[in-house]
Amino acid sequence: MRVARLPRLLLALAVLLAGCASLRSPVEGLAMAASGRLAIRIEAARPGESPRASTAFFELLGEAARGELRLSNTLGTTVAVAWWQPGEAWLRAEGRTQRYADLDELTREMVGEPLPVAALFHWLRGEPWPGAASEPLDGGARGFRQLGWSVQLEQAADGLITAVRQVPPVVTVRARLDRS
């Protein structure tokens with residue numbers, strides 16, 4: 001299933017609770033790790049192409065090894081739900097459920113580029129993911145580089161975390177966290 005890109009990019013990242021009740025989320029009963037608003041922008045890969053961008057509200061539950069990501073539109077309707085555990089991941093959107101080998105394959109199919117969903121649990125807390133090496137950003141900027149992404153924490157006190165992958169096509173992920 002090739003989910004239409006970007007408006008459905010977040011639709012894909014906002015893996016909805018629609019249909020297919022035979023598959024159950026592996027994170028039932030786990031507390032929510034983070035929620036807020038998510039914006040993704042993918043710059044044009046070639047001249048003449050337009051950048052793709054989309055926003056959604058999100059709930060990220062569980063942990064890097066086993067979790068769930070729910071995406072909702074501005075009206076609060078869940079448009080997509082993704083969940084994963086070791087060795088597999090699923091995306092439920094538009095009333096259909098699709099299985100993937102892992103999160104990279106799932107996000108590549110949804111967005112057209114792999115996104116580091118497992119690392120996001122730590123990045124949203126303003127810390128590097130322990131599953132890969134990291135280094136501080138240059139020039140005294142607040143943040144770090146990890147997995148080919150620059151995670152910018154300059155506005156973390158206001159709940160804004162920005163991650164940018166500079167390898168073409170440039171991908172920017174912004175998360176504005178809800179305050180509890």
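Let us start with a pair of charged residues: a salt bridge joins the side chains of Arg125 and Glu127, with 3.3 Å from N to O. Arg125 is exposed, at a relative accessible area of 51%, while Glu127 counts as partly exposed at 31%.

Please keep in mind that this is a predicted model. The protein chain has a mean pLDDT of 82, and 82% of its residues reach 70 or more. Over residues 1–7, however, the pLDDT is below 50; this stretch has 26 contacts in the model beyond near neighbours in sequence. Residues 10–27 also stay under 50, and for them the model has 83 contacts beyond four places in sequence.

**Salt bridges**

The count of salt bridges comes to 7.

| Arg | Glu | Distance, N to O |
|---|---|---|
| Arg99 | Glu88 | 2.9 Å |
| Arg165 | Glu113 | 2.9 Å |
| Arg125 | Glu127 | 3.3 Å |

**Aromatic rings**

Across the whole structure, a search finds 4 aromatic pairs. In one of them, the ring centres of Trp83 and Trp90 lie 5.7 Å apart and the planes meet at 25°, so the pair is stacked. Both Trp83 and Trp90 are buried.

Trp84 and Phe121 make an edge-to-face pair, 6.2 Å from centre to centre and with 65° between the planes. Trp84 is in strand 4 (residues 78–85) and Phe121 in helix 3, so their pairing ties together parts that are 37 residues apart in sequence. Trp84 is buried, with a relative accessible area of 3%, and Phe121 counts as buried at 6%.

There is also an aromatic cluster, formed by Trp123, Phe144 and Trp149. Finally, a charged residue meets a ring: Arg37 lies over the face of Phe57, at 4.8 Å from the ring centre.

Note on methods
Residues are numbered from 1 along each chain as its sequence is written. This is a predicted model: local features need pLDDT of at least 70, side-chain atom pairs count only at pLDDT 80 or more; totals for chains, interfaces and linings use all residues. Side-chain values use heavy atoms; hydrogens and water are left out. pLDDT is the predictor's confidence in each residue, from 0 to 100. Contact means heavy atoms within 4.5 Å. A salt bridge is a side-chain nitrogen of Lys or Arg within 4 Å of a carboxyl oxygen of Asp or Glu. Buried means under 20% relative accessible area, exposed over 50%, partly exposed in between (1.4 Å probe, protein chains only). Rings of Phe, Tyr and Trp (its six-membered ring) pair if their centres lie within 6.5 Å; planes under 30 degrees apart count as stacked, over 60 as edge-to-face and the rest as tilted. Helices (H or I, at least four residues) and strands (E, at least two) are DSSP runs, numbered from the N terminus. A charge sits over a ring if NZ of Lys or CZ of Arg is within 6 Å of the ring centre and within 35 degrees of the ring normal.
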